[in-house]
Amino acid sequence: MGCSCCSTRCWLITGSVAGAVACLLGVILIPVGNTVIEDTVKKEAVLEEGTTAYENWISAGAPVYRQFWLFDVQNPEEVLANGSIPQLQQRGPYTYRTRYIPKQNITFSENHTVSFMLPAEAVFEPSQSQGLEEDEVTSLNLAVAGVYNLIDHAWANMFIEGSKSSLFQRRTVREMLWGYTDPMLKQTLGVFHPYNNTYDGPYGVFTGKDDITRVSMIDTWQNQPTVPYWNDPYCNMINGTDGSSFPPFLDKKKALYFFSSDICRSVSADYEGSVDLKGITVYRYMLPEQTFASPLVNPDNKCYCTNYEATKNCTMAGVLDIKTCKGSPVFISLPHFLHGSPDLLDTVHGLNPNPEEHSTYLDVEPITGFTLGFAKRLQINMMYGPSKEIKILNKVKENTMFPIVWLNESAVLDDQTADRIKSELFARMETLEVVQISLIVIGAVVFVLCLIGICIQERRRRKIIA
């Protein structure tokens with residue numbers, strides 16, 4: 001009997017020790033596991049052949065679509081005859097698939113950077129559109145708005161009358177977007193002309209091989225470390241990435257910075273909240289309201305104010321003059337002048353700014369830094385106003401920032417990529433987490449049960465002695 005009790009007691013003590021060791025091992029694995037995960041992510045986030053980041057980066061990735069909404073003028077005759085406020089009706093979306101061609105001219109350099117070109121192509125997607133490319137709209141005459149802003153008005157009037165042009169024109173969606181032969185300038189004009197068979201870049205970005213905190217950060221664009229458009233060192237800086245990915249291990253308290261060649265400047269995005277995207281938790285970052293704010297509200301925007309007439313001496317919020325960048329008198333804003341000055345909505349009617357529909361956002365996986373979804377929303381505008389010399393503008397009463405088209409360029413993570421990310425990265429993390437929890441739980445249970453057994457046996461022993 002004594003040998004049996006001794007044997008049982010030995011087994012219980014051994015079990016309690018084993019349980020404690022298993023529990024302790026599970027606790028120890030937490031920091032060890034985190035280190036393993038961190039090392040794995042850092043390795044896979046480097047832009048070099050064989051890594052998960054490179055495979056995602058080099059491919060065309062998830063389908064990217066550009067949706068266009070054009071503004072159709074309902075009262076063109078009244079605007080010209082009486083100086084009436086343009087009444088606009090939104091038409092669209094007209095949807096095109098873009099960025100379906102992988103990066104080209106990929107070249108690695110010894111300074112841990114890689115350069116590439118982004119091909120631009122657009123293919124119409126009728127099934128995702130509310131109309132056809134042949135639909136006609138009454139819109140602003142791009143040539144007339146151009147000469148109004150660029151040359152002496154007496155000369156402009158001579159060109160306009162000689163070609164019998166007017167402030168508005170009737171064009172198809174395809175013509176407005178991609179180009180038509182203008183009768184006054186005798187050249188091809190279009191909001192996005194030229195586009196197909198063109199390239200953005202070259203970009204030079206850091207691979208992260210020597211410093212993972214700089215992976216995907218832009219080193220150069222068009223072979224230069226800064227842009228030459230804003231006549232100011234601060235505004236000319238190229239900050240952050242191109243938006244397709246960011247360095248891993250995001251801190252939601254810190255803004256993300258990215259450069260957009262569409263608006264010729266860098267912008268920031270702030271953490272808005274967490275979103276579930278096909279079973280993956282992502283951080284949603286959104287452009288803050290002060291992105292296009294007046295310099296009175298955001299002094300950092302002072303050097304982006306280059307047109308004092310259009311912005312009323314830099315007091316107007318919501319528009320960015322990109323003439324120095326694109327060569328045409330074009331203004332960028334958020335759709336429907338979201339976050340813009342009220343004056344912008346007083347000179348055209350029919351706009352309804354809505355943050356849910358018109359804001360720009362990025363959905364970024366916080367561990368890897370991969371952008372898994374985004375929506376970039378911008379509006380293209382041109383300005384016209386009163387003129388004594390240009391006869392068709394004699395009745396116009398005030399400067400008008402006229403919206404021509406707004407776009408939503410977006411992509412959402414596809415199922416195949418989501419499954420690959422979950423299997424290659426998160427499956428390992430989940431397995432390690434299960435092992436950690438199992439060791440802690442099983443070890444703790446065994447430890448407690450063995451302690452209870454030892455206590456019970458000790459109580460029985462005392463009774464026998466008594």
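Which backbone nitrogen does the side chain of Ser129 reach at 2.8 Å?

## Ser129 and its contacts

The side chain of Ser129 reaches the backbone nitrogen of Thr95 at 2.8 Å; a polar contact is a pair of N or O atoms within 3.5 Å, where, within protein, one must be able to donate a hydrogen and the other to accept it, and residues adjacent in sequence count only if both atoms are side-chain atoms. A polar atom of the Ser129 side chain also lies 2.8 Å from the backbone oxygen of Glu125. Ser129 belongs to the loop between strand 5 (122-124) and strand 6 (136-140), and is buried at 10% relative accessible area (buried: under 20%; exposed: over 50%; partly exposed: in between; 1.4 Å probe, protein chains only).

## Basis of the model

This is a predicted model in which local features need pLDDT of at least 70 and side-chain atom pairs count only at pLDDT 80 or more, while totals for chains, interfaces and linings use all residues. Residues are numbered from 1 along each chain as its sequence is written, and side-chain values use heavy atoms, leaving out hydrogens and water.

## The open sheet

Four strands form an open sheet in the order 3-4-10-11, with antiparallel pairing. Strands are DSSP runs of E, at least two residues, numbered from the N terminus; two strands pair if DSSP finds at least two bridges between them. Strand 3 (104-108) and strand 11 (218-221) are the edge strands, each pairing on one side only.

Strand 10 (residues 198-206) is joined to the antiparallel strand 11 by three bridges. Val205 stands opposite Ile218 in strand 11.
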